[in-house]
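Subject: Structure handover and notes

Hello,

Please find the structure below. My notes on it come after.

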Amino acid sequence: MEGERSAASVKAVEIGVAALVFLFGAVVVFDSIRIGARWGEDGPQPGYFPFYVGLSICVASVTILVRALRNPALAAKSFVSRESLKKILTVLVPTVVYVALIKYLGFYVASTLYIAYFMWALGRYPWIKIVPVAAGVSVVFFLIFEVWFLVPLPKGPLEAALGLN
Amino acid sequence: MEEVNALLQGFNVALSPFNLLLMFVGVTLGIIIGVLPGLGGANGVAILLPLTFSMAQQPGGTTSAIILLSCIYWGALFGGAITSILFNIPGEPWSVATTFDGHPMAQQGRAGNALTAAFTSSFVGALIAVIMITFLSPVVAGFALRFGPPEFFSVYLLTFCAFVGMAGGNAAKTVASMMIGFALAAVGLDSVTGTLRLTFGTTVLLKGFDFLIAVIGLFGIGEILETLEEGLAFKGAKARMNAKVVLETWKELPRYWATSLRSAAVGCFMGIVPGGATPASFMSYGLARRFSKDGKDFGNGKIEGVVAPETAAHAAGTSALLPMITLGVPGSPTAAVLLGGLLIWGLQPGPLLFVEKPEFVWGLIASMYLGNIVGLIVVLTCVPLLASILRIPFSIIAPVIIVICAIGAFTVHNSMFDVYLMVVFGVIGYAFKKLRYPLAPLVLALVLGDRAEENFRNAIKGSQGDLLVFFSNALVGSLTGLALVLLFWPLISAGWRAVAGKR
C-alpha cells in the first residue's frame with residue numbers, strides 16, 4: 001500500500017522463501033540418498049522416487065531465486081507494510097500461544113481465552129460483551145462436539161473440577 | 001439405458017429421509033462455509049470429514065457420508081457467489097469473474113437480480129455437468145478398468161503436468177509447490193520396503209503428514225491472515241430478495257440460453273482438467289463478452305456477465321468429480337479432500353468402484369441432482385440470513401473460525417501435534433499465497449503422492465527399470481506424450497512466440 005512503510009520487499013521475501021524451499025529440497029535429496037535412491041536387487045530403492053522429487057524442488061527453487069534476483073522491480077514492491085505485519089503478529093502470536101495452552105488448560109478454556117483476547121485486542125469490546133460471547137461460543141462447541149457428535153477434545157483442570165471428563 | 005436404471009436405483013438410495021436431511025444440513029453448512037472468510041469448500045469438508053468416521057462404519061453409511069460431504073461442496077460453491085456479489089470479495093478463485101458484473105449490479109440496487117441469476121446459472125451449470133457425469137462416467141470407468149500401473153501413473157502425470165501447462169503464472173512455482181506436496185507425502189513409513197523416510201529419528205513424523213491438516217492450515221489459517229491484512233470490515237450491499245425479484249430475473253434469463261450452454265460446455269470440459277474451474281470462469285466470461293451484442297457494457301453490471309462465469313465455475317466444480325470417481329484423480333482441491341475421505345472410509349476410488357460399489361457411486365450421482373435442487377431452494381430463500389453472517393464483526397468471527405480449524409485438525413488423529421502443524425501450514429499458506437505459489441497442486445500431490453509413487457514403482461518394476469514402459473503402448477504412450485507437451489507448454493508457447501515474433 002502506498003504511503004505505508006514497508007516491512008519487507010517482495011524481493012527479499014521471494015528470495016528468502018525460495019532459499020527455504022531449496023533447503024527443504026536438499027534435505028529430501030540427502031535423506032533419499034541415505035536410504036538408497038538407486039535401483040535395488042528387486043526394484044527401485046525406497047529413496048528412488050523422493051530423490052527426483054527433491055531434485056525437482058531444488059531446480060524449481062533455483063529458477064525462482066534467479067528470476068527474483070534478476071527482476072529489479074520486485075525490490076520496490078512491498079510484501080507487507082509495517083502496519084499489516086503488526087496486525088498479523090497480534091493475531092499470529094496469540095494463536096501460537098493458544099495452541100500451546102490447549103495442552104495445559106484444555107480446548108474449551110483455551111478457546112474462551114483466545115476469543116476473549118481477540119475481541120479485546122482487535123475489536124476493543126467492553127468486557128461486559130466479551131465474557132458472555134467468548135464463554136457462550138465455547139459452551140456451544142462443548143455441546144456440539146462432546147454431547148452431540150461424541151468427539152472428545154482435550155480437557156484441562158477446569159473440566160476435571162466440574163466433573164465433565 | 002443401463003445408466004438410467006442405475007441412476008434410478010441411486011435415487012432410491014439418496015431419497016431416504018435420513019439422506020435428504022443430510023442434504024439440507026450439508027448444503028446449509030456448505031453455504032455458511034462458503035460465505036465465511038477462512039472457510040472454503042476444501043477446508044470446510046476437511047474439518048467435517050472426521051465427524052463422518054463413525055457414520056461411515058454403519059451399513060450404507062459411506063453413501064450417507066459422501067452425500068453429506070458433497071452437499072457441503074455444492075453449498076460452498078453457491079455461497080461463493082453471495083460474497084462476490086454483495087461484498088466484492090470472491091470466496092474462491094473461481095468466483096473472481098463473478099465480481100466483475102455482480103458487484104456493480106449490487107451497487108445499482110439490483111443485488112437480488114444478480115444473486116438470482118448467479119444461483120440459477122450455478123444450478124444450470126451443475127445440472128448439465130451432472131447429466132454429463134451420469135452418462136460419461138460409466139464409459140470412462142469401463143475404459144479405465146483395463147489400466148495397469150503404467151497407465152495409472154501416466155494419468156497422474158497428466159494431471160500434474162496439466163497444472164504446469166494450464167495454470168499460467170510462474171511454472172517454477174507450480175512445480176515447487178507440487179513437489180513439496182509429493183515430498184511431504186513421502187514422509188513416514190514406506191509401505192513397500194518398510195523403510196523410514198524423512199523422519200530423522202522422530203516419532204511424530206512416523207505417520208507422515210496428513211493432507212487434511214495441510215488443507216485446514218493452508219486454506220484456513222492462511223486465508224484468515226490474508227483477510228486480516230486486507231482490512232477487517234466487510235462493507236456490503238444490501239440484498240432485497242423476494243419472489244417478485246426472482247420471477248422477474250427468471251423471465252429474463254432464458255434470453256441468455258446461448259451464453260449458458262457455451263459456458264456450461266467450457267466448464268464441463270475444463271473441470272475434468274485439474275485446476276480448471278478458475279480458467280473456465282474467466283474464459284467463459286471473456287467468450288460471453290465477445291459474443292454478446294453489447295459486449296462493451298460488460299463490467300458495468302450486465303446480468304450476462306454473472307451468468308457466464310457462474311455457469312462455468314459450477315459446471316467445472318461439478319465435473320471435477322468425474323475423474324475423481326472414475327480414475328481416482330481429483331480435479332480440484334475439494335475433490336481431493338473428498339477422495340481422501342473415500343480412502344479413509346476404506347473405499348478404493350477408481351474404476352473398480354463402479355463394479356464393486358454401484359450403490360455408492362449411483363447414490364452419489366443421484367445426490368448431485370438432488371443436492372443442487374436443495375441448494376437452489378436454500379440459497380434463494382436464505383440470502384438475507386446468510387448475508388447477515390458476514391456482518392458479524394471480524395474480531396469475533398476470526399477467532400471462532402481459528403478455533404473451528406483447531407478442532408478440525410485435532411479430531412483427524414486426536415493428536416495435538418497436528419494442531420501445531422496446522423499453524424505452521426497456515427504461515428506457509430500465507431507466504432505462498434502472497435508470493436503466488438499455487439496451493440492446489442501441493443494439496444493434490446499430498447493426497448495422490450503415495451498412489452502415484454506406488455504405480456510408478458510397480459510400473460518400472462515390471463519393466464526392470466526401463467522408463468520406456470511409459471511409452472510401451474499407444475494408450476500409455478499418448479497419455480505420457482500429452483503430459484509432456486503440457487509440462488513444457490510454457491516453454492513451447494514462449495518459443496513459438498519468439499519464432500513468430502521474429503518473422
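Predicted model: local features only at pLDDT ≥ 70, side-chain atom pairs only at ≥ 80, totals over all residues.

Residues are numbered from 1 along each chain as its sequence is written, while chains are lettered from A and ligands numbered from 1 in the order in which they are written.

Chain A has seven helices and two strands (DSSP runs, H or I of at least four residues for helices and E of at least two for strands, numbered from the N terminus). Their order from the N terminus is β-α-α-α-β-α-α-α-α. The radius of gyration of chain A (taken over C-alpha atoms) is 24 Å, well over the 15 Å from the globule rule for 165 residues, so chain A is more spread out than a compact globule. That rule is 2.2 Å times the number of residues to the power 0.38. The C-alpha trace of chain A spans about 60 × 60 × 25 Å along its principal axes. Of the 165 residues in chain A, 32% are buried (20 or more other C-beta atoms within 10 Å of the residue's own; exposed is 12 or fewer, partly exposed in between; C-beta atoms are placed from the backbone).

The contact between the chains (C-beta atoms, placed from the backbone, within 7 Å) takes 48 residues from chain A and 44 residues from chain B. On the chain B side, α18(B) gives the largest share, eleven residues. By class, that side has 31 nonpolar, five polar and eight charged residues (nonpolar: Ala, Val, Leu, Ile, Met, Phe, Trp, Tyr, Cys and Pro; charged: Asp, Glu, Lys and Arg; polar: the others, Gly among them).

Helix α15 (residues 333–344) of chain B has ten of its twelve residues buried, among them Pro333(B) and Ala336(B). The buried residues of α15(B) pack against α3, α4, α9, α14 and α20 of chain B. After α15(B) comes Gly346(B), with a positive phi near 90°.

Val443(B) is in contact with Pro333(B) and Ala336(B), among others beyond four places in sequence. Val443(B), Val215(B) and Met422(B) touch the most other members of the largest nonpolar core, which has 227 residues (a core is a set of buried Ala, Val, Leu, Ile, Met, Phe, Trp, Tyr and Cys residues joined through C-beta atoms within 7 Å).

Regards

Conventions: Contact = placed C-beta atoms within 7 Å.
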